[in-house]
Amino acid sequence: MENIIYLLLAFAAGINIIISTSINSALGKRIGLLNNAFIFYTIALASSIFVFLIFSTGEPLRIGNIQKVPYYVYFGALIPIVTLFLSTYAMQKFSVVNYVLITYIAEILTAVIIDYFISKTIQLPKITGAALMIIGLYMDNKIINE
Amino acid sequence: MNVFLVILNGSLLTMAVAANALLIKSVGKFSAIFILNLVGFLLIGFYFFVFKKSKMVSLSDIPKYLFLSGALGIISTMLSSLAALHIGTTIAVAAMLSTRIITAGVVDNYGFFERERRKFLPKRLMSFALMFAGILIMVLWKI
């Protein structure tokens, strides 16, 4: 049951991403990409300091009980900066619709690969589900392009 | 070459979700959000002021709601990483993709947030159904 809540969180995240990136690009059109990125992070940092100060009591970082994780986990923080420049560059070279399709397919395939490395087993339902997702994405792309 | 960059971009987006999920496990969710945005802010700030020697533009004429994306961004990061931590990266990413596509369709249909208006094609419901069938298979098996 608890997992259903996390599934709903993932659905909500998807809605939120589109609203956030739409607002972001509207601001970007007015002030340019770099100014926009700087403002985005200024506000994101201010908001995260706010929630950190209020809600993080008892978290491993606050009580000095950080769990060991592989060092590459910390590179996760660099990724949004890399993808910001990468996506801006790639979008100029590609039609938006095809850009979205390739990005989405790469996202889902990478997820399957990551889960494979975590579980070390080939999970057929997951692969079937991912395959249906990819067919759906491709079909959607064809309908939009028609 | 350009196709490769787009693939890399997509892969990195998922890797960030998976890495952030582990970071949450390591330091806690609110602490992770703070660390992620602090690093992002320092990097972009360095690039902005030191590397590009940019100056802040005037922001007086800009509708205030456009500044919300930074705050919404931290919600996305937290929800996506929490979901990936508990239900696995594939289901989390698949679920996010489905609502991203649908929300983008709705936003474009009405031209919200100054997006170019594009009518929603009802035929797309077929492809959405296929995507949800994929998610359902994964969910029934896992959850």
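**Entry 1: chain A, the helices**

A helix here is a DSSP run of H or I at least four residues long, and helices are numbered from the N terminus. With that settled, I opened the file and noted that this is a predicted model.

I began at α1(A), which covers residues 2-31 of chain A and has 30 residues. I looked up its reach from first C-alpha to last and got 42 Å, close to the 44 Å expected at 1.5 Å a residue. Next I asked myself which residue follows α1(A). I found A:Gly32 there, with a positive phi near 90°.

Then I listed the rest of the secondary structure of chain A, and my tally came to 5 helices and 0 strands. Along the sequence I read the pattern α-α-α-α-α. I also looked up the radius of gyration of chain A, 19 Å, which is well over the 15 Å that the globule rule gives for 146 residues, so chain A is more spread out than a compact globule. For the dimensions, I noted that the C-alpha atoms of chain A fill a box of roughly 55 × 50 × 30 Å along the principal axes.

**Entry 2: chain B, the helices**

I went through chain B in turn and wrote down 5 helices and 0 strands. Its pattern along the sequence reads α-α-α-α-α.

**Entry 3: where the chains touch**

**Entry 4: α2(A) against α2(B)**

I then took the helix pairs in turn. The axes of α2(A), residues 33-55, and α2(B), residues 29-51, come within 8 Å and cross at roughly 150°. Angles over 145 degrees count as roughly antiparallel, so I put α2(A) down as roughly antiparallel to α2(B). I noted a left-handed crossing for α2(A) and α2(B). Among the residues making this contact I marked A:Phe38, A:Tyr41, A:Leu45, A:Phe52 and A:Phe55 on α2(A), and on α2(B) residues including B:Phe30, B:Phe34, B:Phe41, B:Gly45 and B:Phe48. My sorting of the contact of α2(A) with α2(B) gave 17 nonpolar, 6 polar and no charged residues.

**Entry 5: α2(A) against α3(B)**

I stayed with α2(A) and turned to α3(B). These two pack at an angle of about 60°, with axes 7 Å apart. I therefore call α2(A) and α3(B) oblique to each other. Is the crossing of α2(A) and α3(B) left-handed or right-handed? I read it as right-handed. From α2(A), the contact includes A:Ile39, A:Phe40, A:Ile43 and A:Ser47; from α3(B), I listed B:Ser69, B:Gly70, B:Ala71, B:Gly73 and B:Ile74. The contact of α2(A) with α3(B) divides into 7 nonpolar, 6 polar and no charged residues.

**Entry 6: α4(A) against α4(B)**

My last pair was α4(A), residues 96-119, and α4(B), whose axes lie 8 Å apart at an angle of about 165°. They are therefore roughly antiparallel to each other. I saw α4(A) pass α4(B) in a left-handed crossing. On α4(A) I picked out A:Tyr104, A:Glu107, A:Ile108, A:Ala111, A:Val112, A:Ile114 and A:Asp115, and on α4(B) the contact is made by B:Thr89, B:Thr90, B:Val93, B:Ala94 and B:Leu97. What is the division by kind in the contact of α4(A) with α4(B)? I get 8 nonpolar, 2 polar and 2 charged residues.

Key
Residues numbered from 1 in each chain as written. Chains lettered and ligands numbered in written order. Predicted model: local features only at pLDDT ≥ 70, side-chain atom pairs only at ≥ 80, totals over all residues. Axes fitted to C-alpha atoms, helices over the stretch in contact; angles between N-to-C directions. Parallel < 35°, antiparallel > 145°, perpendicular 65-115°, else oblique. Left-handed = near helix turned anticlockwise from the far one by under 90°. Contact = placed C-beta atoms within 7 Å. Nonpolar A, V, L, I, M, F, W, Y, C, P; charged D, E, K, R; others polar. Expected span 1.5 Å × (residues − 1). Rg over C-alpha atoms; globule rule 2.2 N^0.38 Å.
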